[in-house]
Amino acid sequence: MNTDPTSLLSLLKQTFGFSSFRPLQEEIIRDALSGRDVLALLPTGGGKSLCFQLPALVRPGLTVVVSPLISLMKDQVDALTASGVAATFLNSSLRADESRARLRGLQGGEYRLLYVAPERMMLSGFLADLKRWQVNLLAIDEAHCISEWGHDFRPEYRQLAELRQHFPDVSIMALTATATERVRGDIVKQLRLREPSWYVASFNRPNLSYRVLPKQNAYSQLSEFVRARAGDSGIVYCQSRKSAESLAERLSADGVRAAPYHAGLDAKTRTTNQELFLRDEVRVVCATIAFGMGINKPNVRFVVHYDLPKNVEGYYQETGRAGRDGLPSECLLLFSAGDVVKYSKFIDEISAEQERKIARQQLRLMVEFAEGVDCRRVGLLRYFGEEFREPNCGGCDNCLTPRETYDGTVEAQKFLSCVFRVREKSGFDFGINQIAEVLTGAETEKITKWDHQTVSTYGIGKEHSQAEWKLIGRELVRLGYLSQLTERFNVLQVTDEGWRALKQRQQINLAKSILKPEKLRAEKHRVQGDRGRSQRPGEIDCDEALFDRLRRLRKKLADKRDVPAYIIFSDVSLRQMARYYPANEVEFARISGVGERKLAEFGKTFMGAIAAYLRNNPRQTFSS
């Protein structure tokens, strides 16, 4: 097999229409072709699939891809077929005669790639078939599902640990978009990878912008945000099934094509709603976290979290479903203290102490992210052990419109003093809730139990609500005046720096709360207004009228073939066509995503549409 750089690039362009590899793709492909086990952690939109698809074309035999979702299998096989690659899938959506026909094709060596679910993969009869089909690579997609430490553990994935003994000489590639260091180690251990190559790409998604707004009159905020992005596809994540359904109904009544998606819907309804979204018949899906993993729709332009996510890892993965094609896309989180209280009550009902402890820690980190005044990108990347060194990311609310500060010395003194006084009274430390209750003079069972109504700081902070005092407390933790001990139920302790500030009465500046109404008005106007003309990462300036015309043509062709529009061409391809106006096959072949098969099948049609447009419209030029 020829694996020199020129031949791999030639195959990449010829089949998939790309003239260069994304970061780490080529290295992963080379290791796979050399027979090494590989763990690849690439962000959503980072090109994981190509890492096993291209090797499947280079050498004889069958690449088997384990995937957890039926919809993803069909999506990927449709895309591969459109590019001229012999691929198929086997799952419960097929009729018996369809399965038999595909099994005959596999027996005859007709396919290069096979997608299967983990449950089918480990059936004894199926394993026997695989051993006859000359398997050359086992690719485990969404590999974090095998780890109990991951955010999306699936018990059926644990059976995949037996693959090594069944296929001792076949290399295994494990792929995921989100996994902490602990989860990565668990993936290697569970799959019994042998001296694997580890590839961890940057978690940074420069084309995504991150914003947090205070949740006030939430539906109006959502409706205005969505309506200001007419024509764009988006996902709205909700905490409950009821909320997902009611939001979809209200948006539909207001003229926005929307549909719900959650585990409580029957399988047929879920499949239908997802298919409508993939095919741009529905513009917005209102969903619980049951929706999204493996969704291969590259032109999702926004993700809105209507409720606070439970953890940073889930938030990162869900926002990662926006802008998979690399074009600018938006991530908006609506945040309220009420969501924090609601989740805290859920956590209190967890029976296992260790689970409760982990859930509290995850929630605290999520709240710190939402309330934080530092760069959102810095906080996200730090969670995954990556450092973002730029002073200003230019793509989050805290960098674009830094939060105002105020002299919070008096509030800080009161809070720090209260932490000290309740410890002095009881002999041990308390959490942020107890401090807020003491400062506001609350009459609760815990106040009475510990006799905290007698401490000197009881009731000295009635000018603020308990919610405001909690915000101040978390800000003091962020600034280093307090430490919050996770291993001891998140109790607070005054740090050395806090003692110095307390004794010397140092001025302490605090950031204005994100929950203040004036913050809402300023941010709301900016986020929902003009998005600005400064070049954003991934942006492709083009003739917008021609782009819309090509988009309509793409939809017509896709409907005729019964596939989602992006299977024909991505938005990136269309925007390049609307920028460079290709007029012949050589020019059209330079467009990203145009391989030999698509050039032959669609080139004449799209070039004809471009030529017809130019007969009545001037050709535009673009400076960058």
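Predicted model: local features only at pLDDT ≥ 70, side-chain atom pairs only at ≥ 80, totals over all residues.
Strand E9, residues 233-237, and strand E12, residues 300-305, run parallel and are joined by 5 bridges. Within this pair, Val-236 stands opposite Val-304 in E12.

Next, a single residue. Gln-25 sits in helix H2, which covers residues 25-33. Is Gln-25 buried or exposed? Gln-25 is buried, because its relative accessible area is 3%, and the cut-off for buried is under 20%. A polar atom of the Gln-25 side chain lies 2.8 Å from the backbone nitrogen of Arg-22. Leaving aside residues up to four places away in sequence, Gln-25 touches Gly-46, Gly-47, Leu-50 and Cys-51.

Last, a helix pair. Two packed helices are described by the angle between their axes and the distance between the axes. For helix H19, residues 409-426, and helix H20, residues 432-439, the angle is about 105 degrees and the axes are 10 Å apart. H19 is therefore roughly perpendicular to H20, as angles of 65 to 115 degrees count as such. Which residues meet there? From H19 come Lys-414, Phe-415, Cys-418, Val-419 and Val-422, and from H20 come Ile-432, Ile-435, Val-438 and Leu-439. By class, the contact of H19 with H20 has 8 nonpolar residues, 1 charged and no polar.

How values were computed:
Residues numbered from 1 in each chain as written. Heavy atoms only, no water. Pairing = 2+ DSSP bridges. Helix = DSSP H or I, 4+ residues; strand = E, 2+ residues; numbered from the N terminus. Buried < 20%, exposed > 50% of the residue type's maximum accessible area, 1.4 Å probe, protein only. Polar contact = N/O pair within 3.5 Å; in protein donor to acceptor, adjacent residues only side chain to side chain. Contact = heavy atoms within 4.5 Å. Axes fitted to C-alpha atoms, helices over the stretch in contact; angles between N-to-C directions. Parallel < 35°, antiparallel > 145°, perpendicular 65-115°, else oblique. Nonpolar A, V, L, I, M, F, W, Y, C, P; charged D, E, K, R; others polar.
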